[in-house]
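Biologist: Hi! I'm new to this one. Could you walk me through it?
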Amino acid sequence: MASDRQFVIIGAGQAGGWTAKTLRDQGFDGRIVLLGDERYPPHERPPLSKQVLIGEAEPEVTHLWPADQWAALGVDFRAGARVAKIDRAAREVETSRKERIPYEKLMIATGARPRQVATPGTELKGVFYLRYIGDALMIRERLVPGAKLVVIGGGWIGLEVAAAARKRGADVVVIEFAERLCARALSPDMSEAVLMLHRRHGVDVQLKQSVARFEGEGTVERAVLADGTTLDCSVAVIGIGVSPNFELAAEAGLDIENGIVVDEHGRTSDPDIYAAGDVTNHPNAFLGRRIRLESWENAQNQAIAAAKAMLDKAEPYAEIPWFWSDQYDANIQLVGLPERWDEIAVRGDVAAGNFIAFYLSGGKIVGAAGINTGRDVRFCRRLIQSGAAATAAQLSDPSVKLQSLAKK
Amino acid sequence: MAEVQYHDVAAVGDIAEDEAQQIIIGSKEVCIVNLGGEFFALDDVCSHAYASLADGYIEGDQVECPLHGACFDIRTGKVKSAPATVDLKTYPVKIEGDRIKVGMPAD
């Protein structure tokens, strides 16, 4: 006999979908209402800037579960439903169509949206941001052989778009304002390795550069750079980061600080309201600070932890951040997000794009980053977690098995 | 029940304990795992993205995809963690002398 409890989830991305799945996996037999403002079932976004953009896969690849598995979860999923308001006093959410949906517990998994640039000309046809399935399909259509792509932003999205566009035969210029690529996430040596990767694949990467304006008759034709240079441009993609979608939570009076403030169980300042994924500012026990992560794994695992807490089966979410990107034949992985280190040890061949860099502080590994060394990067997470001691000499010597450094 | 044909793929000594090796049988990539001295065979290509699980990390009775961290049960091929959602096929293994033989449906 199903209970008459009702939980509501706002957002059908990775975090919203995993909240629903976990509630069921944990035996919740009440009603789950999942409100998604797109018209697709719960989906993840990583393939949108990779396989889907390249054309190797269709958008269905992003769906979190095959249709039968999703149907079996018995979720009351409402596509195209936008939430206008959270009424905490009444414990109801109100949709833009004025429908009121009561909740016992509420999950806010509203994610983030692309940050906008103020560059003139972005209203021209052919200038895009990439976040949603529709964006990927529109950009893909314009990435034909010989297309002239200008990317604003040498971060993950911009670089993945650049890689996909090269694969589709477009000419690509990446314009990055900072002096190196992915400066927020990568150490200078990794930025250099990624820069070389793109230059090897024929991308014109311009650092310390910016786009002054886009020009064209209705459709973008040119990008004019800050130094006056003019680039042919038939399609442009802007990827300069995202802003968390916390407005609903803020209007409802929840604590906000660069995202919705939650504890290690995903609880907001209202004990019946939870949040997970890109939208949250959460404590990270390993880093010893609060953090807002824009990552696939965080969206999934924080949601799993929060869903358990919604059922009073709390297990604190305490993971060492891990991140990946796929560009050309390079699988780039990062673990640990260290802010500082004493030493970097490198194992492998940086020039060949097959190496791992370990970041050491006080005789311990605090982070690692690598290209095409996923097994080692992921094993490193275990070494970091266990606080295993290691020296730069051991780590840079390929004959020393990483497993041998694990604490016994 | 389809006919199973056994293929001689490697020597027992070729694959160390808790290590894996990719073997091609016909046009099929198969991952052979030595789990504490017992051998198992399953699809080598991750059901999520094109990656060889033989390059993955083995912990307990699971193998973790080196690309995106999906985990599979080595004995059953079942998905243990996302991003994969589709189980892998497993194949029967028998040891004859010091040879590892993997059974595939005969075509």
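Predicted model: local features only at pLDDT ≥ 70, side-chain atom pairs only at ≥ 80, totals over all residues.

Biologist: Got it. How many helices and strands are there in chain A?
Modeller: Chain A has 10 helices and 26 strands.

Biologist: And which domains is chain A divided into?
Modeller: Domain 1 covers 6-113 + 242-310, domain 2 covers 116-238, and domain 3 covers 329-405. The centres of domain 1 and domain 3 of chain A are separated by 33 Å, taken over C-alpha atoms.

Biologist: What about the overall size, then?
Modeller: The C-alpha atoms of chain A fill a box of roughly 65 × 60 × 40 Å along the principal axes. The radius of gyration of chain A is 22 Å, which agrees with the value near 22 Å for a compact globule of 408 residues.

Biologist: Switching topic: what percentage of chain A counts as buried?
Modeller: That would be 46% of the 408 residues.

Biologist: Which residues touch the most other members in the largest nonpolar core?
Modeller: Those are V151(A), V194(A), A236(A) and A368(A), in a core of 72 residues. Helix 5 of chain A, residues 156-167, gives the most to this core, with 8 residues.

Biologist: Nice. What does V151(A) touch?
Modeller: Leaving out residues up to four places away in sequence, V151(A) touches several residues, including G158(A), V161(A), A162(A) and V237(A). There is also a second, separate core of 48 residues, with L35(A), L254(A), V279(A) and M310(A) among them.

Definitions and conventions. Residues numbered from 1 in each chain as written. Chains lettered and ligands numbered in written order. Domains from an automatic or database assignment. Core = buried A, V, L, I, M, F, W, Y, C linked by C-beta atoms within 7 Å. Buried ≥ 20, exposed ≤ 12 C-beta atoms within 10 Å, placed from the backbone. Helix = DSSP H or I, 4+ residues; strand = E, 2+ residues; numbered from the N terminus. Contact = placed C-beta atoms within 7 Å. Rg over C-alpha atoms; globule rule 2.2 N^0.38 Å.
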